Amino acid sequence: MTNTRPRLLSFETVRNFRDFGGYESHHGGRVKMGRLYRSGHHAEASDTELAKMAELGIHVQADLRRPDEREKQRARFQAPVTITHDGGRETDAPHIRFLTQMSVDAATADQWMVEYYEAAPFKAHHTEMFTDWFGHLAALNGEAAGLVNCAAGKDRTGILCALTHHILGVSEVDIRADYDLTNEAVDVASRLPEAAAYFNNMLGKDYPAEVFRPFMGVHLRYLDKAFATINERAGSVDAYLVDTLKVDEKMQAEIRGRLIEN
């Protein structure tokens, strides 16, 4: 079967909005398109963009942002069922606190992100939202769709989408390709200089642009670290799903039954 739906959706203000269905499944068939979406926040969405999102049939949304993020960038879009959590509150975004240190270079910024991915899969507020996401996916009716978002739609969102793909039998090659697609979707290469100037001005710094790359795009070694940590602490991704997230095989089968087509 050939997919004709676009994977990258064109929005002016919502970053990284895309369909993460369409991949072949080792359970047979492929993941349906038009049923699974991922994006950054929607605080700046225009009325036209909100109408466009409403047409996608999104019934459940996992907004993985911390409560302070949701307060500072209030969502203009909310699905009928919106998953949030009040845990993990910060005064300032962790990466901004990191960037205010006396000296930061590209290597330390990269390592900071690796360490973030090491911790993220086991943060209590993340695991609770992940669990809720899969519970609602298992109960999706008809052609209803789901959306995962965070602030930039790349790190927390990337981990949860990769876990969703794992349940759906998507190959490791395709899981990694979909994760890496963030760099194209947000056009990191062309936006990096402008973003660096913005952040340096805000922080009163003069960092090289490469310092900011980990906070705009992704690198496959970040996702690798998340999965390596899951394997180390839980024994396997499958054990993490069952023991940590409480997504048993019955629920996983229900998700596959709703989201895989022959």
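**Close-up 1. Strand 4 and strand 5 pair in the parallel sense over three bridges.** The model shown is predicted. Strand 5 covers residues 81-83.

Close-up 2. Isoleucine 58 has its bridge partner, alanine 145, in strand 6.

**Close-up 3. Strand 4, residues 58-63, is mostly covered.** Of its six residues, five are buried, that is, under 20% relative accessible area. In a regular strand, side chains alternate between the two faces of the sheet.

**Close-up 4. One cavity of 30 Å³ or more is found in a search of the whole structure.** The space in the largest cavity is about 30 Å³. Rolling a probe the size of a water molecule over the atoms shows where empty space is left.

**Close-up 5. The lining of the largest cavity consists of Arg38, Gly158, Cys161, Ala162, His165, Ile175, Asp178 and Tyr179.** Helix 6 (156-167) and helix 7 (172-180) each contribute at least two residues to this lining. The largest share, four residues, belongs to helix 6. By residue class, the lining holds four nonpolar, two polar and two charged residues.

Conventions: Residues are numbered from 1 along each chain as its sequence is written. This is a predicted model: local features need pLDDT of at least 70, side-chain atom pairs count only at pLDDT 80 or more; totals for chains, interfaces and linings use all residues. Side-chain values use heavy atoms; hydrogens and water are left out. Buried means under 20% relative accessible area, exposed over 50%, partly exposed in between (1.4 Å probe, protein chains only). Two strands pair if DSSP finds at least two bridges between them. On a 1 Å grid over the protein atoms alone, a cavity is a set of points where a 1.4 Å probe fits but cannot get out, and a pocket is an open set with protein on both sides within 12 Å along at least five of seven lines; lining residues have an atom within 4 Å of a point. Grid points are joined across faces, edges and corners, and a volume is the space filled by probe spheres set on the points. Ala, Val, Leu, Ile, Met, Phe, Trp, Tyr, Cys and Pro count as nonpolar, Asp, Glu, Lys and Arg as charged, and the others, Gly among them, as polar.
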